[in-house]
Amino acid sequence: MLEVGNGGLTTSEERAHFSLWCMLAAPLLAGNDLRHMTKEANDILTNKEMIAIDQDAFGKQGYLIVDKNDYQVFMKPLSNGETAICLFNRGDATKDVTVNWNDLKIGSDFKLRDVWKHADNGTTTTSFKASIPKHDVVVLRLSRK
């Protein structure tokens, strides 16, 4: 079961934990006491955009495409030709990353949506830059322009 809301993890770690489960299309079974969870845990467990990635109709599991020391990138194919990308900082310090979409073999015809910020965030016509706190993630949903 998910460890979100059980204590012992920071909010960043809970967000990363939930995101990775969603990228892997895992069953989302809350393992915490729903009556006594923090607002942060509730926000994580009820993020409809992340849940939509987990439960996408295409039914495909995400997979690791970049593994460089303390930084990983996961990709999950979604229905309607969309894709989810999870940038995961496993390190103990904030990591500045630049994603060159050509390196990931992703074309320039996608718009980006930051799933945790619930905000559109550019397109794949230019590189994507982010500063990811330690043990945290950035999850992007790529959809056709």
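The model is a predicted one, in which local features need pLDDT of at least 70 and side-chain atom pairs count only at pLDDT 80 or more, while totals for chains, interfaces and linings use all residues. Residues are numbered from 1 along each chain as its sequence is written, and side-chain values use heavy atoms, with hydrogens and water left out.

Strands here are DSSP runs of E with at least two residues, and helices are runs of H or I with at least four, both numbered from the N terminus. Strand 2 (residues 71-77) and strand 3 run antiparallel and are joined by 7 bridges, where two strands pair if DSSP finds at least two bridges between them. The two form a hairpin with 5 residues between them, and N80 in the turn has a positive phi of about 60 degrees. Strand 3 is also joined to strand 8 (residues 137-144), again antiparallel, through 6 bridges, and L142 of strand 8 is the bridge partner of T83.

Because 7 of the 7 residues of strand 3 (residues 83-89) are buried, this strand is largely enclosed by the rest of the structure; buried means under 20% relative accessible area, with a 1.4 Å probe and protein chains only. Both of its faces are covered, with T83, I85, L87 and N89 buried on one side and A84, C86 and F88 buried on the other.

C86 itself has a relative accessible area of 0%, and C22 is likewise buried at 0% relative accessibility. What keeps C22 from bonding to the closest cysteine sulfur? The sulfur of C22 is 9.5 Å from that of C86, which is too far for a bond, given that a disulfide is a pair of cysteine sulfur atoms within 2.5 Å. A search of the whole structure accordingly finds 0 disulfides.

C86 is among the residues with the most contacts inside the largest nonpolar core, which has 21 residues, and F18, M50, I53, W116, V137 and V139 are the others. Such a core is a set of buried Ala, Val, Leu, Ile, Met, Phe, Trp, Tyr and Cys residues joined through side-chain atoms within 4.5 Å. Helix 1 (11-23), helix 2 (39-45), helix 3 (48-54), strand 3 and strand 8 each give two or more residues to this core, and helix 1 gives the most, with 5 residues. Apart from this core lies another, of 19 residues, among them Y71, M75, L104 and L140.

Conventions: Buried means under 20% relative accessible area, exposed over 50%, partly exposed in between (1.4 Å probe, protein chains only).
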